[in-house]
Amino acid sequence: MSKELNSKKYTVWIWILSIVIPLAVAALFSVRIPGVDRLGFLPPIYATINGITAVLLILAVVQIKNGNRKTHERLMKTAIACSVLFLIMYVAYHMTSDSTSYGGEGIWRSVYFVILVSHILLSIGVIPFVLVTYVRALMGNFPAHKKIARITFPIWLYVAITGVIVYLMISPYY
């Protein structure tokens, strides 16, 4: 299969996943798993996974800047796996639990919602960036990979860090 044909195949999958994942997550929020108790132990676990993802992303950038391509690759694959694991746990939690309302007041309430909304929007928006960045590396197109990685990295890092912040801010209200 030619590189051009492979590239087109990946582009189709990137579009499909970038649309289907957010829609599926939104749809699953209204689904409850019958006979399964609330999975209340998951939020601190998936918040920790977000923190681990942030650390992995930073370590991966350090490794590639030091010329350690193989270590960079392993760290990035692990970061992607962590993000997938986060998503599975996040959906499982919300399929067994009602959403928790933020109970803070005043300026902290506004701060919370600014962080939450930016986190949600960027977590949706980063999906195609992560996939394109990964595919460009997979295809060996490192100049294009590096170019988009400069955009992907700060967005993904922000999403990972704000995921932890959102958890810490809402955790007293669980």
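Ala, Val, Leu, Ile, Met, Phe, Trp, Tyr, Cys and Pro count here as nonpolar, Asp, Glu, Lys and Arg as charged, and the others, Gly among them, as polar. The model is predicted, with local features needing pLDDT of at least 70 and side-chain atom pairs pLDDT 80 or more, while totals for chains, interfaces and linings use all residues. Residues are numbered from 1 along each chain, and side-chain values use heavy atoms, without hydrogens and water.

**View 1. Lining of the largest pocket.** A pocket is an open set of points on a 1 Å grid over the protein atoms alone where a 1.4 Å probe fits, with protein on both sides within 12 Å along at least five of seven lines; lining residues have an atom within 4 Å of a point. Of the 41 lining residues, F86, L87, Y90, H119 and S123 lie nearest the centre. α4 gives the most to this lining, with twelve residues.

**View 2. Lining of the second largest pocket.** This pocket is lined by 24 residues, and I64, H72, T133, H145 and A149 are the closest to its centre. The lining has 14 nonpolar, four polar and six charged residues.

**View 3. Contacts of L42.** Contact means heavy atoms within 4.5 Å. Leaving out residues up to four places away in sequence, L42 touches M89, A92 and Y93.

Note on methods. Helices (H or I, at least four residues) and strands (E, at least two) are DSSP runs, numbered from the N terminus.
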